2 protein chains.
Amino acid sequence: MTDPRLAALAQALPELRLLTDAADLEHYGRDWTRRWTPAPLAIALPTSVEQVQAVVRWARAHAVAIVPSGGRTGLSGGAVAANGELVLSLERMNRVLGFDPIDRSLTVQAGIALEAVHNAAREHRLAYPVDFAARGSCSIGGNIATNAGGIRVIRYGNTREWVAGLKVVDGRGELLELGRGLVKNSSGYDLRHLMVASEGTLGIIVEATLRLTDPPPPTSVMLLALPDFAALMQVFASLRARLQLEAFEFFTDRALHHVTAHGGQNPFGETYPYYVVTEFAAGEAGEAAALAAFEHCVGEGWVLDGVISQSQAQAAQLWRLREGITESLAPYVPYKNDVSVRISVMPAFLAEVQALLTEGYPHFDVVWFGHIGDGNLHINVLKPVDMAQADFVAQCERVTRLLAEALQRHGGSISAEHGIGLVKKAYLGSTRTEAELALLRGIRGVLDPDGLLNPGKLFDR
Amino acid sequence: MTDPRLAALAQALPELRLLTDAADLEHYGRDWTRRWTPAPLAIALPTSVEQVQAVVRWARAHAVAIVPSGGRTGLSGGAVAANGELVLSLERMNRVLGFDPIDRSLTVQAGIALEAVHNAAREHRLAYPVDFAARGSCSIGGNIATNAGGIRVIRYGNTREWVAGLKVVDGRGELLELGRGLVKNSSGYDLRHLMVASEGTLGIIVEATLRLTDPPPPTSVMLLALPDFAALMQVFASLRARLQLEAFEFFTDRALHHVTAHGGQNPFGETYPYYVVTEFAAGEAGEAAALAAFEHCVGEGWVLDGVISQSQAQAAQLWRLREGITESLAPYVPYKNDVSVRISVMPAFLAEVQALLTEGYPHFDVVWFGHIGDGNLHINVLKPVDMAQADFVAQCERVTRLLAEALQRHGGSISAEHGIGLVKKAYLGSTRTEAELALLRGIRGVLDPDGLLNPGKLFDR
């Protein structure tokens, strides 16, 4: 620990765990994007709010930038530390701090994994309903910092709706207690909502009070095969009208191809252009309604085949076909787009985007999936094995520029749920006006006057 | 129109309607608080977003403060113009601009009345579920500017949850398009949520895209008589566990006294200390569950009497006992507190507040009501007829100081749903720390650098 700044930190906080080994710098310096070379100054692993505040005060004094760090499962480079920053990992602050049965709330430290939150809620016969495939490794602080969405937004909304209170250390080292778990509070600007989706640039989330809800009803899972994208919107409308949908996810034949190559089981004898995995409230009425909806969709030609889960094990198998996609693509270092438009705009937008991608990526493997009921598309472009990473990214960025223009025309967003981070920074202007960007910069300056918190992420100052 | 500033405005915007008659200045210069003497410079009634922007640009050039104005049904003085401000009334911008059946959204101008939003949603067999007694005269812009709550928060949340998009003119005259109706959008700080509850100090809300939902189920209404406050929490827990509650409101015998003096009908032969009006999903299962819950509560001694609506007319009569309270108290120019704590904290807080009020207001008529399921209490102190207004307010403020201290100890809020405005400005520090207040000031400076928008409201710069 020869760096004099680190020596000062170690002296000021002798009990703070600091890592500087090369392997640790690499491990904590990157997220799931794998596009930047990790190069942090060091890793700090505080165990208390006071330590976090002390680290921020140290950072101010020594002009060291801080990258707040959770599970680093992010897909936008928001947790990348490639410029000598101090990574402030919340992983040792991962406890449940309290549960209140009357408020139906769970208070946790920010470093806790999403799955541990699920389990803690379940212990009290309640549910924390935000869910997605990275549940085992992502942290709740990271979920909040990106307003994570996932597979149940259609019914339960995004992370934002479930945050009743936040403790945050801002760029001045001040501890803010926002929201305080109150149902009603109209006493000045809601800084809690400002923190949600701020990607670590306004403050370091250290604790959260989460609202819980009733456990979901018993559900069944259905896999449907579809002929084309137009059918997707029809099937969604048809099922939404008849069933209590808990999830409605789609993916393409290319996605299924990669998942089955990774051990997923295709229950159909053949392949189809598009698939839907949907989960809905079961019981006799639910099953009957599902059957009626299925038959209606088949009759209309919107659905070509289908299978409904008869057991929890089978439901898990069907879900795996959707949830295994990201993992199955990881070896190809995919270039990801995570875009959204209003649901009503989806058909027109889709037609335009399909044409654009066919034109832009004639030789690449493009895998689509997403949350059609939320207006959210994930477009993954896979790198050809023999292509240099830099060339590949450059070619993808050219198409992203066109995609961003299409989004601008359709009033959409360049990031639905992954965040902007480093990956989409150049395209933020397609979603936000110059007048808005000026406000974002101004607000960042208020909460982090010295520019210490996750600099270079979201937008440049 | 001898004022040269107004002459300049009239010249710049010849089509803008401007009012300067004394009666208009008084009418548009005050809200339901009736505590301040209206003294605006003039009233502007724009009909377009462009006119609003032009008025803001004029205000910057001439250093005239602007008070954004909706239905002026507010109870915090947020729409009061007592210092030569220009009142910018949105009342001529009151149209429905669009409806989308796929997005299930309604786009409206900010000056539309809440009730007109209800009706527009109903026309499309959907519902906008935020509701309260001022529905006929309050505007949706004002609802958003205070994050209005009301009688159905327990089931549907506050106004905030239903705002999918906002158009706002900020203090620089810039038009911001926030949220854009997207379900998912993680592309920078959510300024839409910052605008909600900003009380006209960060921007002038000119349009809103509101999310709609399924119409509520058929409901029944039950009026219950209770012996004490402790029973209230028990009855709430008991009913919540058995029924799908759409509303759960309480009030005291003094509230019933005033409402029945104004024509409300007490269905009981005698009076009781406390009452609950609750609305719940009906149908056979609902009625049976309500009866079981009622019998359980009677058996436990938590409920002394009860009546359940047998018709819509009877349901409306029971609701009137709760909804007529504010109107019945208005002649007494009540001093209002609108406070909240976490639901779990309510019993301890209530005990403390009851002691405090008994001690602080030995000779005043104190009327309680509120939304116990949201942790929200309304405390109305009635002015004795022979007491000067100034003396009365001074005595009430002394007690509010103690109430604010109790709230601080219990982690509560000095304003649950009315907003801070002028009325609670002195007490904002009980709910927000100095560090937070510094941030609020900084953010206000970013969005309204010249301090034109509703100066003096919420907090002083």
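A salt bridge is taken here as a side-chain nitrogen of Lys or Arg within 4 Å of a carboxyl oxygen of Asp or Glu. By this rule, 46 salt bridges are counted over all chains. The model is predicted, so local features need pLDDT of at least 70 and side-chain atom pairs count only at pLDDT 80 or more, while totals for chains, interfaces and linings use all residues. Residues are numbered from 1 along each chain as its sequence is written, chains are lettered from A in the order in which they are written, and side-chain values use heavy atoms, with hydrogens and water left out.

Within chain A, Arg432(A) forms a salt bridge with Glu436(A), and their closest N and O atoms are 2.5 Å apart. Arg432(A) is buried at 8%, and Glu436(A) is buried at 1%. In the salt bridge of Arg30(A) with Glu26(A), the closest N and O atoms are 3.6 Å apart. Here Arg30(A) is partly exposed at 27%, and Glu26(A) is partly exposed at 42%. A network of salt bridges links Asp131(A), Arg135(A), Arg152(A), Glu279(A) and Glu323(A).

Lys424(A) is buried yet has no salt bridge. The nearest side chain of opposite charge (Lys and Arg count as positive, Asp and Glu as negative; His and the chain ends are not counted) is that of Glu397(A), 5.8 Å away. Lys424(A) lies in the loop between helix 14 (389–409) and helix 15 (434–447) of chain A; helices (H or I, at least four residues) and strands (E, at least two) are DSSP runs, numbered from the N terminus.

Chain B and chain A bury about 5800 Å² between them, 56% of it on carbon and sulfur atoms. Buried area is the accessible area (1.4 Å probe) that two parts lose on being put together, summed over both. Lys184(B), Ser186(B) and Tyr189(B) supply 18% of the area that chain B buries against chain A, more than any other three residues. The contact (heavy atoms within 4.5 Å) takes 71 residues from chain B and 70 residues from chain A.

Eight salt bridges are found across the interface of chain B and chain A. Glu417(A) forms a salt bridge with Lys184(B), with the closest N and O atoms 3.0 Å apart. This pair crosses from the loop between helix 14 and helix 15 of chain A to the loop between strand 8 and helix 7 of chain B. Both Glu417(A) and Lys184(B) are buried.

How values were computed. Buried means under 20% relative accessible area, exposed over 50%, partly exposed in between (1.4 Å probe, protein chains only).
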